Amino acid sequence: MAEVRNPNHQRPTRPVGPPFNTNSFLRKLQAHAPNSTQLIGFLTLFISGSILLFLTGLTVTATILGLIFFAPLLILSSPIWVPIGVILFIVVAGFLSFCGFGVAVLAGLSWIYRYFRGMHPPGSERVDYARSRIYDTASHVKDYAREYGGYLQSKVKDAAPGA
């Protein structure tokens with residue numbers, strides 16, 4: 001049950017050339033090709049990145065070799081270095097805190113000076129608003145106390161007529 005082939009039937013021929021138009025491919029490639037400025041930028045980026053990568057590797061290698069060679073010395077002298085490090089940390093932290101608080105106090109005093117001289121520093125309108133709110137609340141409390149105090153006086157006289 002073999003198939004009988006028709007001798008007149010021909011197989012389809014494959015194209016001999018490339019499956020796409022070469023001219024259009026080259027045009028697209030040239031359209032997307034970088035110009036000289038982009039090429040110089042890429043080369044600069046590549047060279048500086050390579051140099052930085054090399055320096056990073058050199059630094060990591062030197063750090064590891066330094067730890068290997070100086071680890072015994074650090075371990076043997078650690079009873080001296082740990083207290084010195086703690087004391088140095090406390091002194092530096094205290095100095096920086098003192099400087100920071102000093103700068104904050106000077107900034108606050110400068111703001112207060114400008115506020116009382118009428119120069120309207122940033123945030124002065126919020127202080128004025130808060131001052132007016134406090135004054136209004138105090139006057140309301142004072143009025144309420146007078147009103148409520150009179151009410152209590154009348155209640156006391158009703159409870160104890162001889163008082």
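Reply: Start with Leu67. Leu67 counts as exposed because its relative accessibility is 53%; exposed means over 50% relative accessible area, buried under 20%, and partly exposed in between, with a 1.4 Å probe and protein chains only. Leu67 sits in helix 2.

A word on the source. This is a predicted model, where local features need pLDDT of at least 70, side-chain atom pairs count only at pLDDT 80 or more, and totals for chains, interfaces and linings use all residues. Residues are numbered from 1 along each chain as its sequence is written, and side-chain values use heavy atoms, with hydrogens and water left out.

Now Ser77. Ser77 is also placed in helix 2, which covers residues 36-116. Helices are DSSP runs (H or I, at least four residues), and strands are too (E, at least two), numbered from the N terminus. Ser77 has 16% relative accessibility, so Ser77 counts as buried. A polar atom of the Ser77 side chain lies 2.7 Å from the backbone oxygen of Leu73.

Leu73 leads back to Leu67. Both belong to a nonpolar surface patch of about 1,300 Å². Its other members include Val60, Phe69, Trp81 and Ile84. Such patches take residues with over 30% relative accessible area and no salt bridge, and join nonpolar side chains within 5 Å. A salt bridge is a side-chain nitrogen of Lys or Arg within 4 Å of a carboxyl oxygen of Asp or Glu.

Last, the setting. The protein chain has three helices and zero strands. Of its 163 residues, 2% count as buried.

Key. Polar contact = N/O pair within 3.5 Å; in protein donor to acceptor, adjacent residues only side chain to side chain. Patch = residues over 30% accessible without salt bridge, like charges linked within 9 Å, V, L, I, M, F, W, Y side chains within 5 Å. Areas by Shrake-Rupley, 256 points an atom, 1.4 Å probe, with all protein chains shown as cover.
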